[in-house]
Amino acid sequence: MNPTIFGVRVSMLFRFYGWRLRRYTAQELLAGSGIAVGVALVFGVLVANTSLTGSAANLLHGLTGSASLQLSARSSQGFSEQLAGEVRALPGVDAAAGLLREEVTVRGPSGRESVQLIGFEPNIIRLGVLTQREPSTSELLLIGGLGLPAEVAHAIGVGQGGPATLYANGEAHPAAVRLVLTGALASATKDGTVAVALLPRAQELTGKLERLTQVLVRPAPGSERLVAGELRRLAGGRMNVESTDAELSKLSTAAKPTDQSTSLFAAIGAMVGFLLALNAMLLTVPERRRFIADLRMQGFDSHQVLLILGFQALVLGVGASLAGIALGDLLSHTLFHRVPLYLAVAFPLSGAQIVSSTTLLLALGAGVVATLIASLPPLLDLRPGRPADAVFREARGEPGITRGAIVGFGAGGLVLLAAVTVLVLAAPRLTIVGGMALALVAVFLIPAIFEVTLRGLGRIGERIPGSMLVVAVTELRSTATRSVALAGVAALAVYGSVAIGGARADLLHGIDGAITQYFDTADIWVVNGGEIFNTNSFGAEHTAAMIARVPGVASVRTYQGGLLDLGTRRLWVRARPASDPAVLEAGQVVSGSLTRASALIRHGGWIAISSSVADERHLRVGDTLALPTPSGSVSFGVAAVMTNSGWPPGAITMNAEDYRRHWQTTEAAALEIGLARDASATRVKHGIEGALAGRRGLWVRTGGERAAESEASARQGLRTLSEISMLLLIAAALSVASALTAVIWQRRAKLASLRIQGFDYLQLWRALLLESLVLLTIGSVDGVLLGVYGHSLASRWLELTTGFPAPFAPGGLQVLETFLLVAGMAMAVIALPGLRAARVPAHAGLQE
Amino acid sequence: MSASLELRELVKYYTSGSEVVRAVDDVSLTVAPGELVGLYGPSGSGKTTLLLLTAGLLAPESGSIRFGEREVSSLTPGEGALYRRREVGFVFQSFHLMAGATALDNAALKLLGDGWTLRDARRATRPWLQRVGLGEREEHIPERLSMGERQRVAIARALAGEPRLLLADEPTGSLDSKRGREILGLLRDICHERRIPGLLVTHDPQARAFVDRVHTLRDGHLSEGLDAELEVGLV
């Protein structure tokens with residue numbers, strides 16, 4: 001069976017494509033790679049973005065089993081474990097089990113990981129979390145074992161029963177690992193950043209004897225509302241009662257700013273990838289036009305030509321997109337496969353990859369649509385009244401770009417630029433669209449820049465004896481359309497890299513600045529081992545006294561804090577002692593006076609909140625905000641609005657005295673050490689380490705070391721951004737290089753004719769390299785200008801939308817680096833094929 | 001100073017797998033100054049190879065190619081490039097013009113390889129463009145020129161730098177017969193006027209009327225006049 005469409009047999013469609021593939025293998029490969037790179041970028045980022053919350057949902061459902069409600073503590077101090085029994089006794093409760101969750105650090109021979117230690121009551125089995133089918137796991141946990149997901153165990157280099165140290169509550173517990181998870185529990189915690197133990201063992205390890213942080217509850221059928229009411233009555237406004245899924249919305253909120261940042265980068269990256277693919281296809285236009293003319297002259301009608309060309313584009317689009325998806329999958333499993341460690345402080349996370357059918361269809365669709373759109377220009381030859389052999393009647397080579405087109409594109413680009421500016425200033429949330437539109441502006445402005453540059457270079461070249469610049473400029477003019485397309489590829493490459501790279505640099509610079517200022521209040525910090533944000537408490541009264549006796553120590557201040565759930569936000573609470581040299585980081589104040597706000601916070605009853613919280617609750621300086629503290633709801637005045645200080649859901653800064661009173665704890669999250677005049681930080685640090693020899697779980701760090709550790713964690717969380725930026729740069733440079741190479745290769749006949757006329761191959765090679773350099777420079781200048789503008793918009797958007805500190809800085813060095821990388825890589829790649837093309841046998845010039 | 005082109009017992013073969021193809025087999029030919037010789041032959045007979053040998057772009061297996069005092073077959077690549085830039089004018093079937101560049105710049109392009117500035121090259125080329133009848137159209141780009149005019153630009157380019165040898169590969173192959181006759185007449189006139197030897201590889205029957213002598217190359221062998229098979233074909 002061989003059906004026909006418009007009178008063309010389907011088998012012939014395949015045969016036509018087979019012929020094309022054989023004849024134009026290089027062009028098809030080039031176009032295909034351009035599309036594949038774009039699709040890979042889109043797919044990789046989409047998978048990375050959806051996987052964090054998707055896999056965390058799987059993990060949380062695995063850990064909460066059939067429970068639908070939970071009673072949870074408002075601080076890491078938790079509540080009495082007797083409460084679990086009271087919950088079980090409530091009317092309508094079918095099953096309930098207590099949990100203790102605490103952020104801990106496990107350290108093995110080859111590294112350390114921050115994980116959420118989850119201690120279960122044995123009756124968790126009733127919720128379906130630990131089943132009877134896993135006797136070995138249960139038994140091992142019963143004898144005091146600690147379960148680690150295989151991935152965590154692998155990361156720290158520990159096997160079954162292997163030696164590991166667990167840091168919690170300022171203590172170090174050696175040889176705590178007894179088990180690497182297998183079986184059903186393992187599948188729930190697969191790739192997770194958790195450790196599991198039975199409750200008594202977890203309480204012992206964390207020093208939270210007879211304490212719980214959560215009670216998971218499964219109401220009897222139809223009793224959901226009754227049980228929720230009873231739980232609220234029991235909580236008495238001092239604990240939270242919520243759905244077990246509430247954790248997910250908090251994670252979603254926490255991950256949102258990073259996801260938004262990644263989305264912006266991915267959108268710009270995808271647009272650049274799409275346009276790169278489009279340009280790669282445009283390079284095949286001359287061949288496709290000749291093919292259309294051949295078909296028409298052989299009697300094929302317009303429908304048939306459309307069918308054949310459409311089929312070819314479809315095959316290329318589908319093939320290249322599938323290759324792109326495979327490449328993207330590889331990227332998402334390797335480069336983008338990172339669980340953001342700083343979020344693991346507050347949530348049990350999983351690094352499992354989740355690929356939804358929507359993601360697959362989106363990536364495939366984008367690639368196919370790009371290919372089909374790019375296949376359209378040659379079809380203009382099918383317009384009625386156009387002679388069938390028009391392409392052969394036209395001049396050999398390409399028609400130049402008309403003045404009208406230059407002016408039209410230039411004006412269109414400027415209008416679009418103005419529109420983007422107005423749009424983004426009026427509605428910052430549209431920055432993603434603006435960033436994508438700027439990529440189009442970069443392309444639209446190329447013809448005008450190309451024309452002006454060639455004129456200038458032509459004039460310079462006229463005066464230089466034997467200059468290959470004139471040959472290069474003449475050749476560029478003779479292939480104006482193609483050259484503009486190539487310069488467009490370079491412009492897109494540089495635009496994307498500068499805009500994304502710049503915004504990324506601002507973000508990292510902003511976060512680094514916030515972290516440095518945050519840790520600048522003490523010369524030396526004493527914290528829980530492996531801890532990142534000073535959110536984990538430890539008993540410190542005796543420790544502080546011991547440290548105060550170390551020579552060179554002038555002051556020891558107790559810093560408090562932790563995490564607090566407010567609506568869907570898990571906020572970072574920073575409770576600074578009033579005697580701290582600074583209670584607020586000067587560079588992070590968005591609204592309010594630093595001096596006045598600091599004075600108010602020191603006085604008590606006032607707090608500084610992040611802009612994301614302020615915006616969400618429409619709060620301004622002077623308003624009040626009620627916080628759900630462990631002692632009940634307490635209202636604070638808003639003294640200042642800050643950035644999120646590097647913690648995506650936002651932060652609250654208050655006086656340590658307020659914290660002590662309302663959180664009802666004297667435990668420290670860190671100790672801030674001030675040095676005596678002329679004391680050496682290193683010597684004092686060693687002195688403190690000696691004094692703390694009995695508390696190996698406490699780590700002593702200088703302010704600089706502490707900042708560096710936190711910065712490394714923040715950077716790890718934003719690593720995807722860095723990788724998108726770097727991938728885009730590499731993909732772009734390779735796209736430029738392969739496009740240039742293909743074009744150079746297609747010109748061998750012309751090069752051969754120049755050789756016959758007496759040009760030696762070195763002269764031709766020089767001319768080719770000059771041509772490429774001119775194109776790269778034109779593209780780069782355009783890309784840099786638009787890229788810096790895109791960068792400024794992106795940084796503004798990051799600050800306004802995500803709450804991250806990301807002050808715009810032009811970053812001349814980064815721009816120069818980008819240009820040198822793109823140009824350097826492209827020139828290095830084309831140097832060899834260029835030399836080979838320049839050495840083309842002369843007889844190629846005599847054959848058509 | 002006029003010089004003649006002398007090919008002596010020239011042999012060039014190509015190997016393709018185990019097969020040896022003698023593209024040029026013991027060819028001897030002299031083209032005197034001011035003489036235009038037409039070289040006919042079927043496709044694959046070795047005409048292009050002979051042209052490339054003459055231009056110093058291929059080295060023969062044996063034999064010699066003398067142009068004036070110069071032994072072309074023993075030129076180094078650098079000397080070969082210099083020879084083609086300064087001594088040889090080459091006309092192609094497919095013109096090889098740069099689209100978008102003016103007729104004058106296209107004609108001047110060749111001189112840039114010899115260290116000229118574009119300004120000087122334009123100045124030197126302008127008379128040649130006038131000579132081929134395109135003085136009024138020097139600012140036109142190839143797209144605005146007829147096929148015949150494009151070939152004239154290519155001839156002006158070949159003549160820029162005042163070559164002492166003219167080589168043409170199917171120069172009328174892309175032209176209609178009227179334009180073809182104009183181009184052939186121009187080539188003949190230039191060889192005669194400038195007293196330079198010219199070698200014209202062609203299939204064009206009407207070229208016989210414009211050349212001083214005709215030779216046939218078949219299977220690498222050169223014979224004087226048109227061989228019987230070609231004679232019938234051309235008629």
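**A loop residue and its surroundings**

Author: B:E162 counts as exposed because it has 12 C-beta neighbours inside 10 Å. The cut-offs are 20 or more other C-beta atoms within 10 Å for buried and 12 or fewer for exposed, with partly exposed in between and C-beta atoms placed from the backbone. The model is predicted, and local features need pLDDT of at least 70 while side-chain atom pairs count only at pLDDT 80 or more, but totals for chains, interfaces and linings use all residues. Residues are numbered from 1 along each chain as its sequence is written, and chains are lettered from A and ligands numbered from 1 in the order in which they are written.

B:E162 lies in the loop that joins α5 (147-159) to β7 (165-169) of chain B. Helices (H or I, at least four residues) and strands (E, at least two) are DSSP runs numbered from the N terminus. The backbone of B:E162 has a positive phi of about 50°, although the residue is not a glycine. Most residues other than glycine have a negative phi. B:E170 is another case, a residue other than glycine with a positive phi near 50°. It sits in the loop between β7 and α6 (177-194) of chain B. B:E170 counts as buried, because 22 C-beta neighbours fall inside 10 Å.

Chain B also holds a helix pair. The axes of helix α3 (residues 103-112) and helix α4 (residues 118-131) of chain B come within 8 Å and cross at roughly 120°. Axes here are lines fitted to C-alpha atoms, for helices over the stretch in contact, and angles run from 0 to 180 degrees between N-to-C directions. On the α3(B) side the residues are B:A103, B:L104, B:A107, B:A108, B:L111 and B:L112, and among those they meet in α4(B) are B:L118, B:A121, B:W128 and B:L129. Two residues are in contact if their C-beta atoms, placed from the backbone, lie within 7 Å. By class, this contact has eleven nonpolar residues, one polar and two charged. Ala, Val, Leu, Ile, Met, Phe, Trp, Tyr, Cys and Pro count as nonpolar, Asp, Glu, Lys and Arg as charged, and the others, Gly among them, as polar.

Between the chains, 31 residues of chain B are in contact with 33 residues of chain A. On the chain A side, α17 (446-462), α18 (468-478) and α27 (748-756) each supply at least two residues. α18(A) gives the most, with six residues. The chain A side as a whole divides into eleven nonpolar, 13 polar and nine charged residues.

α18(A) also packs within its own chain. Its axis and that of helix α28 (residues 761-802) of chain A are 8 Å apart, at an angle of about 60°. From α18(A) the contact uses A:M468, A:L469, A:V471, A:A472, A:E475 and A:L476, and from α28(A) it uses residues including A:R766, A:L770 and A:V774. The class count there is eight nonpolar, one polar and three charged.

A further pair in chain A is helix α11 (residues 302-333) with helix α13 (residues 357-374), whose axes are 8 Å apart at an angle of about 140°. Among the residues making this contact are A:G317, A:G324 and A:G328 of α11(A) and A:G367 of α13(A). It has eleven nonpolar and six polar residues, and no charged ones.

Chain A comes to 29 helices and 24 strands, and its C-alpha atoms fill a box of roughly 95 × 75 × 50 Å along the principal axes. Of its 848 residues, 56% are buried. Residues 24 or more positions apart account for 85% of the contacts in chain A with a separation of 6 or more.

The largest nonpolar core has 332 residues, and A:V217, A:A490, A:V736 and A:V822 touch the most other members. Such a core is a set of buried Ala, Val, Leu, Ile, Met, Phe, Trp, Tyr and Cys residues joined through C-beta atoms within 7 Å. Helix α19 (residues 480-519) of chain A gives the most to this core, with 22 residues. Leaving aside neighbours within four places in sequence, the contacts of A:V822 include A:A490, A:V494, A:L729, A:V736 and A:L776.

A:L584 is in the loop between β17 (569-576) and β18 (589-591) of chain A, and counts as buried because it has 24 C-beta neighbours inside 10 Å. Not counting residues up to four places away in sequence, A:L584 touches A:V589, A:L594, A:A597, A:S598, A:A608, A:A640, A:M642 and A:T653.
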